[in-house]
Amino acid sequence: MSMVEKLTYLKKRDRMTTEKLSLLSGVPLSTLNKILTGQTRNPAMRPIYAISRTFRVPVCYLMDDSIPIHCDLMAYAQVPGVHFFTNQEMELILKFRQLFSQEQRMIQHLLQTLWRCHTTSQNNPKERLLPCYIPTVFGTHGASTTSLQMKYLWAANDSLIHNADFTIKLPLDTLSPTFHAGDILAVQTGIASHDQLGLFQIGSEIILRRFYHKRGVTKLVSINVGVQPIQVRESSRLICHGIILGIVHTYRWL
(Lines give C-alpha, C1' and ligand atoms only; values in the text may rest on other atoms or scores of the structure.)
Protein backbone atom coordinates (compact mmCIF):
# COMPACT_ATOMS: atom_id res chain seq x y z
CA MET A 1 0.00 0.00 0.00
CA SER A 2 1.22 3.49 -0.86
CA MET A 3 2.00 6.24 1.62
CA VAL A 4 -1.11 8.16 0.51
CA GLU A 5 -3.36 5.15 1.22
CA LYS A 6 -1.74 4.57 4.62
CA LEU A 7 -2.12 8.21 5.64
CA THR A 8 -5.80 8.09 4.64
CA TYR A 9 -6.20 4.94 6.76
CA LEU A 10 -4.41 6.53 9.75
CA LYS A 11 -6.52 9.70 9.57
CA LYS A 12 -9.66 7.57 9.60
CA ARG A 13 -8.29 5.34 12.38
CA ASP A 14 -7.59 8.33 14.64
CA ARG A 15 -10.57 10.40 13.37
CA MET A 16 -8.17 13.20 12.53
CA THR A 17 -8.75 16.03 10.09
CA THR A 18 -5.97 17.37 7.91
CA GLU A 19 -6.06 20.64 9.86
CA LYS A 20 -5.64 18.82 13.18
CA LEU A 21 -2.81 16.68 11.77
CA SER A 22 -1.05 19.84 10.64
CA LEU A 23 -1.49 21.40 14.08
CA LEU A 24 -0.23 18.35 16.01
CA SER A 25 2.65 17.49 13.69
CA GLY A 26 3.81 21.02 12.95
CA VAL A 27 3.82 20.29 9.22
CA PRO A 28 2.41 23.26 7.23
CA LEU A 29 -1.06 22.61 5.83
CA SER A 30 0.04 23.29 2.25
CA THR A 31 2.91 20.77 2.56
CA LEU A 32 0.63 18.23 4.19
CA ASN A 33 -2.02 18.53 1.47
CA LYS A 34 0.57 17.85 -1.22
CA ILE A 35 1.75 14.71 0.64
CA LEU A 36 -1.80 13.48 1.28
CA THR A 37 -2.86 13.89 -2.34
CA GLY A 38 0.31 12.37 -3.76
CA GLN A 39 1.46 15.59 -5.44
CA THR A 40 4.74 15.31 -3.54
CA ARG A 41 5.92 11.83 -4.48
CA ASN A 42 9.19 11.90 -2.51
CA PRO A 43 8.55 14.07 0.55
CA ALA A 44 11.39 15.21 2.76
CA MET A 45 12.14 13.10 5.82
CA ARG A 46 11.50 15.91 8.31
CA PRO A 47 7.71 16.11 7.71
CA ILE A 48 7.51 12.31 7.44
CA TYR A 49 9.16 11.94 10.86
CA ALA A 50 6.72 14.48 12.30
CA ILE A 51 3.70 12.73 10.79
CA SER A 52 4.86 9.29 11.96
CA ARG A 53 5.33 10.60 15.53
CA THR A 54 1.84 12.09 15.48
CA PHE A 55 0.26 8.80 14.37
CA ARG A 56 2.62 6.73 16.58
CA VAL A 57 3.77 4.55 13.67
CA PRO A 58 7.29 3.68 12.45
CA VAL A 59 8.67 5.77 9.61
CA CYS A 60 9.34 2.62 7.58
CA TYR A 61 5.61 1.78 7.77
CA LEU A 62 4.89 4.90 5.73
CA MET A 63 7.87 4.55 3.41
CA ASP A 64 7.72 0.83 2.60
CA ASP A 65 4.83 -0.03 0.24
CA SER A 66 5.28 -3.76 0.91
CA ILE A 67 4.09 -3.41 4.54
CA PRO A 68 0.32 -4.10 4.73
CA ILE A 69 -1.86 -1.13 5.62
CA HIS A 70 -3.25 -2.64 8.85
CA CYS A 71 0.22 -3.58 10.19
CA ASP A 72 0.77 -0.19 11.77
CA LEU A 73 2.51 -1.48 14.90
CA MET A 74 6.15 -2.52 15.07
CA ALA A 75 8.21 -4.64 17.44
CA TYR A 76 11.85 -5.67 17.64
CA ALA A 77 12.27 -9.37 18.34
CA GLN A 78 15.14 -11.61 19.45
CA VAL A 79 15.25 -13.02 15.93
CA PRO A 80 16.78 -10.77 13.25
CA GLY A 81 14.55 -8.19 11.62
CA VAL A 82 11.58 -6.02 12.43
CA HIS A 83 8.08 -7.45 12.75
CA PHE A 84 4.87 -5.56 12.06
CA PHE A 85 1.55 -6.26 13.76
CA THR A 86 -2.06 -5.25 13.47
CA ASN A 87 -3.81 -3.81 16.54
CA GLN A 88 -5.67 -7.11 16.94
CA GLU A 89 -2.44 -9.11 16.89
CA MET A 90 -0.82 -6.81 19.43
CA GLU A 91 -3.87 -7.08 21.70
CA LEU A 92 -3.58 -10.88 21.61
CA ILE A 93 0.12 -10.71 22.45
CA LEU A 94 -0.52 -8.47 25.45
CA LYS A 95 -3.28 -10.79 26.70
CA PHE A 96 -0.96 -13.77 26.27
CA ARG A 97 1.64 -12.08 28.49
CA GLN A 98 -0.92 -11.74 31.30
CA LEU A 99 -1.62 -15.48 31.41
CA PHE A 100 0.02 -17.87 33.86
CA SER A 101 2.83 -20.02 32.44
CA GLN A 102 0.60 -23.11 32.39
CA GLU A 103 -2.07 -21.21 30.45
CA GLN A 104 0.56 -19.95 28.01
CA ARG A 105 1.67 -23.53 27.36
CA MET A 106 -1.95 -24.49 26.65
CA ILE A 107 -2.22 -21.68 24.07
CA GLN A 108 1.09 -22.71 22.50
CA HIS A 109 -0.09 -26.32 22.22
CA LEU A 110 -3.38 -25.19 20.67
CA LEU A 111 -1.62 -22.99 18.12
CA GLN A 112 0.82 -25.75 17.17
CA THR A 113 -2.07 -28.18 16.71
CA LEU A 114 -4.04 -25.70 14.61
CA TRP A 115 -0.99 -24.90 12.50
CA ARG A 116 -0.31 -28.55 11.72
CA CYS A 117 -3.95 -29.07 10.83
CA HIS A 118 -4.00 -25.86 8.78
CA THR A 119 -1.15 -27.04 6.60
CA THR A 120 -2.98 -30.34 6.14
CA SER A 121 -6.31 -28.71 5.29
CA GLN A 122 -4.74 -26.69 2.48
CA ASN A 123 -4.54 -29.95 0.56
CA ASN A 124 -8.11 -30.87 1.47
CA PRO A 125 -10.46 -28.03 0.39
CA LYS A 126 -13.57 -30.23 0.64
CA GLU A 127 -13.28 -30.40 4.43
CA ARG A 128 -12.56 -27.88 7.17
CA LEU A 129 -11.00 -28.53 10.56
CA LEU A 130 -12.85 -27.05 13.54
CA PRO A 131 -12.51 -27.36 17.31
CA CYS A 132 -15.45 -28.98 19.09
CA TYR A 133 -16.21 -28.25 22.74
CA ILE A 134 -17.77 -31.13 24.66
CA PRO A 135 -19.46 -30.43 28.03
CA THR A 136 -19.07 -33.15 30.67
CA VAL A 137 -20.31 -31.64 33.98
CA PHE A 138 -23.58 -29.75 34.38
CA GLY A 139 -24.89 -27.09 36.73
CA THR A 140 -28.29 -25.49 37.29
CA HIS A 141 -28.91 -24.29 33.74
CA GLY A 142 -26.05 -25.58 31.60
CA ALA A 143 -22.56 -27.03 31.42
CA SER A 144 -19.71 -26.02 33.69
CA THR A 145 -17.05 -23.99 31.88
CA THR A 146 -14.32 -25.86 33.75
CA SER A 147 -15.59 -29.19 32.44
CA LEU A 148 -15.36 -28.44 28.71
CA GLN A 149 -13.22 -30.87 26.77
CA MET A 150 -11.97 -30.01 23.30
CA LYS A 151 -11.55 -32.29 20.30
CA TYR A 152 -11.12 -31.55 16.61
CA LEU A 153 -13.34 -32.65 13.78
CA TRP A 154 -13.26 -32.53 10.00
CA ALA A 155 -16.55 -31.21 8.59
CA ALA A 156 -17.75 -31.04 5.00
CA ASN A 157 -16.91 -27.50 3.85
CA ASP A 158 -20.43 -26.35 2.93
CA SER A 159 -21.87 -22.83 3.42
CA LEU A 160 -22.64 -23.56 7.09
CA ILE A 161 -19.12 -24.71 7.94
CA HIS A 162 -17.57 -21.94 5.86
CA ASN A 163 -19.07 -19.36 8.27
CA ALA A 164 -18.39 -21.31 11.49
CA ASP A 165 -15.54 -20.56 13.91
CA PHE A 166 -16.01 -23.59 16.18
CA THR A 167 -18.51 -26.27 17.13
CA ILE A 168 -20.09 -27.52 20.33
CA LYS A 169 -21.77 -30.78 21.26
CA LEU A 170 -25.27 -30.04 22.54
CA PRO A 171 -25.36 -31.56 26.03
CA LEU A 172 -29.08 -31.33 26.86
CA ASP A 173 -32.47 -31.24 25.14
CA THR A 174 -32.97 -27.52 25.83
CA LEU A 175 -33.18 -26.82 22.08
CA SER A 176 -35.50 -29.67 21.15
CA PRO A 177 -37.37 -30.34 18.93
CA THR A 178 -35.09 -28.31 16.58
CA PHE A 179 -31.88 -29.84 17.96
CA HIS A 180 -31.32 -32.78 20.25
CA ALA A 181 -28.76 -33.78 22.90
CA GLY A 182 -25.64 -35.09 21.18
CA ASP A 183 -25.99 -32.95 18.05
CA ILE A 184 -22.89 -31.07 16.88
CA LEU A 185 -23.74 -27.40 16.36
CA ALA A 186 -21.77 -24.90 14.27
CA VAL A 187 -21.10 -21.58 16.02
CA GLN A 188 -19.93 -18.26 14.63
CA THR A 189 -18.18 -15.85 17.00
CA GLY A 190 -20.33 -12.77 17.55
CA ILE A 191 -23.08 -11.20 19.62
CA ALA A 192 -26.58 -12.65 19.28
CA SER A 193 -29.42 -10.29 18.43
CA HIS A 194 -33.00 -10.56 19.65
CA ASP A 195 -34.57 -13.94 18.77
CA GLN A 196 -31.24 -15.51 17.68
CA LEU A 197 -29.89 -18.75 19.08
CA GLY A 198 -26.63 -18.21 20.89
CA LEU A 199 -23.96 -19.70 23.10
CA PHE A 200 -23.97 -17.78 26.38
CA GLN A 201 -22.13 -17.76 29.66
CA ILE A 202 -23.53 -16.71 33.02
CA GLY A 203 -21.07 -17.14 35.86
CA SER A 204 -19.36 -20.50 35.36
CA GLU A 205 -22.09 -22.06 33.22
CA ILE A 206 -22.34 -22.37 29.44
CA ILE A 207 -25.93 -22.07 28.20
CA LEU A 208 -27.40 -22.58 24.71
CA ARG A 209 -30.63 -20.60 24.34
CA ARG A 210 -32.58 -18.14 22.23
CA PHE A 211 -31.77 -14.52 23.10
CA TYR A 212 -34.75 -12.36 24.08
CA HIS A 213 -34.25 -8.62 24.56
CA LYS A 214 -37.30 -6.39 24.38
CA ARG A 215 -38.65 -3.40 26.32
CA GLY A 216 -35.75 -3.57 28.77
CA VAL A 217 -36.33 -7.26 29.53
CA THR A 218 -33.56 -9.76 28.79
CA LYS A 219 -34.10 -13.51 28.92
CA LEU A 220 -32.51 -16.69 27.62
CA VAL A 221 -35.38 -18.75 26.25
CA SER A 222 -35.36 -22.46 25.46
CA ILE A 223 -36.99 -23.82 22.31
CA ASN A 224 -38.18 -26.65 24.53
CA VAL A 225 -41.43 -25.32 26.05
CA GLY A 226 -40.88 -27.51 29.08
CA VAL A 227 -37.76 -25.58 30.10
CA GLN A 228 -38.19 -22.34 32.04
CA PRO A 229 -36.57 -19.16 30.62
CA ILE A 230 -33.61 -17.63 32.44
CA GLN A 231 -34.10 -14.04 33.56
CA VAL A 232 -30.95 -12.00 32.90
CA ARG A 233 -30.22 -9.09 35.24
CA GLU A 234 -27.41 -6.53 35.17
CA SER A 235 -25.66 -8.46 37.93
CA SER A 236 -25.74 -11.66 35.83
CA ARG A 237 -22.71 -10.60 33.73
CA LEU A 238 -24.02 -12.25 30.59
CA ILE A 239 -21.42 -13.08 27.93
CA CYS A 240 -22.30 -14.18 24.40
CA HIS A 241 -19.60 -16.41 22.88
CA GLY A 242 -21.28 -16.88 19.53
CA ILE A 243 -24.33 -17.39 17.32
CA ILE A 244 -25.58 -20.90 16.57
CA LEU A 245 -25.68 -21.40 12.80
CA GLY A 246 -27.13 -24.91 12.65
CA ILE A 247 -26.36 -28.60 12.93
CA VAL A 248 -23.23 -30.21 11.48
CA HIS A 249 -24.45 -33.29 9.62
CA THR A 250 -21.30 -34.58 7.95
CA TYR A 251 -18.14 -34.78 10.04
CA ARG A 252 -15.42 -37.11 11.29
CA TRP A 253 -13.25 -36.85 14.37
CA LEU A 254 -9.58 -36.05 13.98
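How many cavities of 30 Å³ or more does the count come to? The count comes to one cavity of 30 Å³ or more, where a cavity is a set of points, on a 1 Å grid over the protein atoms alone, at which a 1.4 Å probe fits but cannot get out. The structure is a predicted model, in which local features need pLDDT of at least 70 and side-chain atom pairs count only at pLDDT 80 or more, while totals for chains, interfaces and linings use all residues. Residues are numbered from 1 along each chain as its sequence is written, and side-chain values use heavy atoms, with hydrogens and water left out.

The largest cavity holds about 50 Å³ of space, a volume being the space filled by probe spheres set on grid points that are joined across faces, edges and corners. Its lining, made up of residues with an atom within 4 Å of a point, consists of His141, Gly142, Ala143, Leu170, Pro171, Leu172, Thr174, Ile206, Ile207, Leu208 and Arg209. Strand β9 (residues 205-214) provides the largest share of this lining, with four residues. Helices (H or I, at least four residues) and strands (E, at least two) are DSSP runs, numbered from the N terminus. By class, seven residues of the cavity lining are nonpolar, three polar and one charged; Ala, Val, Leu, Ile, Met, Phe, Trp, Tyr, Cys and Pro count as nonpolar, Asp, Glu, Lys and Arg as charged, and the others, Gly among them, as polar.

Open spaces were examined next. A pocket is an open set of points with protein on both sides within 12 Å along at least five of seven lines. The largest pocket has about 750 Å³ of space. It is lined by 18 residues, of which Met106, Ile107, Leu110, Tyr133 and Met150 are the closest to its centre. Two or more lining residues come from each of α7 (101-121), β3 and β5, and α7 gives the largest share, seven residues. The lining comprises 11 nonpolar, six polar and one charged residues.

The second largest pocket has a volume of about 440 Å³. Both α6 (87-98) and α7 supply at least two residues of its lining, with α6 giving the most, six residues. Among the lining residues are Gln88, Glu89, Phe96, Ile107 and Leu110. Ile107 and Leu110 are also among the residues closest to the centre of the largest pocket. In the second largest pocket, eight lining residues are nonpolar, two polar and two charged.

Strands β3 (residues 127-134) and β5 (residues 149-156) run antiparallel and are joined by eight bridges; two strands pair if DSSP finds at least two bridges between them. Within this pairing, Tyr133 lies opposite Met150 of β5. Strand β5 is also joined, by three bridges and in the antiparallel sense, to strand β13 (residues 251-253), where Arg252 is the bridge partner of Trp154.

Attention then turned to the interior. In soluble globular proteins, nonpolar side chains tend to be buried together. A nonpolar core is a set of buried Ala, Val, Leu, Ile, Met, Phe, Trp, Tyr and Cys residues joined through side-chain atoms within 4.5 Å; buried means under 20% relative accessible area, exposed over 50%, and partly exposed in between (1.4 Å probe, protein chains only). The largest such core has 21 residues, and those with the most contacts inside it are Leu7, Leu10, Ile51, Phe55, Tyr61 and Leu62. Two or more of its residues come from each of α1 (3-13), α3 (29-37), α4 (45-55) and α5 (59-63). Another core, of 13 residues, lies apart from it and includes Leu175, Phe179, Ile223 and Ile244.

Leu62 is in contact (heavy atoms within 4.5 Å) with residues including Met3, Leu7, Leu10, Ile48 and Ile51, when residues up to four places away in sequence are not counted. In α4, Pro47, Ile48, Ala50, Ile51, Ser52, Thr54 and Phe55 are buried, and their cover includes α1, α2, α3 and α5. Arg56, which follows α4, has a positive phi, near 60°.

Thr18, in helix α2 (residues 18-25), counts as buried because its relative accessibility is 13%. Thr18 touches Lys11, Leu29, Leu32, Asn33 and Leu36, leaving aside residues up to four places away in sequence. Ser66, located in the loop between α5 and β1 (73-76), counts as exposed because its relative accessibility is 60%.
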